[in-house]
Amino acid sequence: MPEIILGIESSCDDTSAAVIRDGYLLSNVLASQDVHKSYGGVIPELASRAHQINIVPVVSEAITRAGITPDQITAIAFTRGPGLLGSLLVGTSFAKGLSLAIDRPLVEVNHLQGHILANFIKQEGAENRQPEFPYLCLLVSGGNSQIVRVNSPLEYEILGQTIDDAVGEAFDKCAKMMGLGYPGGPVVDRLAKEGDPLRFKFSKPHLPGYDYSFSGIKTSLLYFVRDQIALDPDFMEKNKADICASFQKALIDILMDKLIKAAKDTGIRQITIGGGVSANSGLRNRIEEEGRRRGWTTFLPEFKFTTDNAAMIAIAGWFHFRNGERTSIDVAPVSRLAEF
Ligand code: KG4
């Protein structure tokens, strides 16, 4: 009997549903929420309302595109957290309702585990390279920045993490400060390609171990831009690309210094990245370049699996399902990682 997992993701501002059969992706449907754009960030209440509107058509489309009927589903994997509570509540409640309706078990998934396991999603006709255990995952998103040692699909050790802001927030703040819109990462990434990364220098934190900090560099960008604008009001407009390129380089240097240290100290050379910021072309190039230099085997998720998507929730759910784990119908979503 094939094992068919329906995955449901609603932790932030993307409503997504996906179907996998024995680890192979059959469908992955995503509805993004444009409603937040004009506010320069995600508004939680608007996000949960949009999830409520999107969830039924998104799940139904995922099932149709997969070419299956609901009674063929083996289990329903859903994101229990971390994320926005109201948003998580929509996905969790829907998963529970469907579980009762079709009499199939629920499997809860930690959203971050989804990012960490995204490289295990197999696709028909693709190369489907997969990392060997143990591997290191640089998990970089709007809410997290961590170096995780992955010992097996369900066994992790967080070697280091941010003590303040996530790297995605630094990208978003940079864009906001420069009036480039939200989310900031993709636009900073695009402008950085046209700029000189060596033109401006930003101060970097000096933290021991593998922990990160991004609040200082964010503030240093703010003061730098403010001081320059005082001298020349058009400074930002004229130097947008160079500012983005230099700021992005500084963020990548911070991320890479600790990753290289962790790889050296642990002797692990299987390296993966995950999370929204892993879509960044500068970071992807740099990981591959360091990989060639240092003899790493690197795994970069396809772009569609970098930001929030239900395919990664389905694959992580499949690992839990095969481990015999089932989630009770009275489960509640959790907003913070520490509550898991
Ligand atoms: O993983 P994700 O979708 O959401 C969380 O779970 O947090 O990540 C969103 C973050 C945002 O901060 C966004 O600016 C960033 O990922 N991002 C990027 C790029 N694409 C998305 N950052 C840098 N370069 C990109 N190309």
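Reply: A crossing of two helices is left-handed if the near helix is turned anticlockwise from the far one by less than a right angle, and right-handed if it is turned clockwise. The model is predicted, so that local features need pLDDT of at least 70 and side-chain atom pairs count only at pLDDT 80 or more, while totals for chains, interfaces and linings use all residues. Residues are numbered from 1 along each chain as its sequence is written, and side-chain values use heavy atoms, with hydrogens and water left out.

Me: Is the crossing of α4 and α6 left-handed or right-handed?
Reply: Helices (H or I, at least four residues) and strands (E, at least two) are DSSP runs numbered from the N terminus. The axes of α4 and α6, lines fitted to C-alpha atoms over the stretch in contact, lie 10 Å apart at an angle of about 15°, where angles run from 0 to 180 degrees between N-to-C directions. α4 and α6 are therefore roughly parallel, a word for angles under 35 degrees, whereas over 145 is roughly antiparallel, 65 to 115 roughly perpendicular and the rest oblique. The crossing of α4 and α6 is right-handed.

Me: How many charged residues are in the contact of α4 with α6?
Reply: Where α4 meets α6 (heavy atoms within 4.5 Å), Glu169, Ala170, Lys173, Cys174 and Met177 face Lys218, Leu221 and Leu222. Ala, Val, Leu, Ile, Met, Phe, Trp, Tyr, Cys and Pro count as nonpolar, Asp, Glu, Lys and Arg as charged, and the others, Gly among them, as polar. By these classes, the contact of α4 with α6 has five nonpolar residues and no polar ones, and the number that are charged is three.

Me: Is α5 roughly parallel or roughly perpendicular to α7?
Reply: The axes of α5 and α7 are 7 Å apart, and the two helices pack at an angle of about 110°. Because of that angle, the arrangement of α5 and α7 is roughly perpendicular.

Me: How many residues are in the second, separate core?
Reply: Apart from the largest core, there is a second, separate one that includes Ile20, Phe120, Ile121 and Phe305. Its number of residues is 30.

Me: What is the relative accessibility of His51?
Reply: His51 is found in helix α1, which runs over residues 44-66. Leaving aside neighbours within four places in sequence, His51 is in contact with Ser10, Cys12, Asp13, Asp14, Thr15, Gln33, Ser87 and Val90. His51 counts as buried because its relative accessibility is 0%.

Me: What distance separates the C-alpha atoms of Ala311 and Leu117?
Reply: Ala311 is found in helix α9 (residues 310-322), and Ala311 is buried, with a relative accessible area of 0%. Beyond four places in sequence, Ala311 is in contact with Ala18, Leu25, Asn28, Ile121 and Phe305. Although Ala311 and Leu117 are 194 residues apart along the chain, their C-alpha atoms are separated by 10 Å.

Technical notes. Core = buried A, V, L, I, M, F, W, Y, C linked by side-chain atoms within 4.5 Å. Buried < 20%, exposed > 50% of the residue type's maximum accessible area, 1.4 Å probe, protein only.
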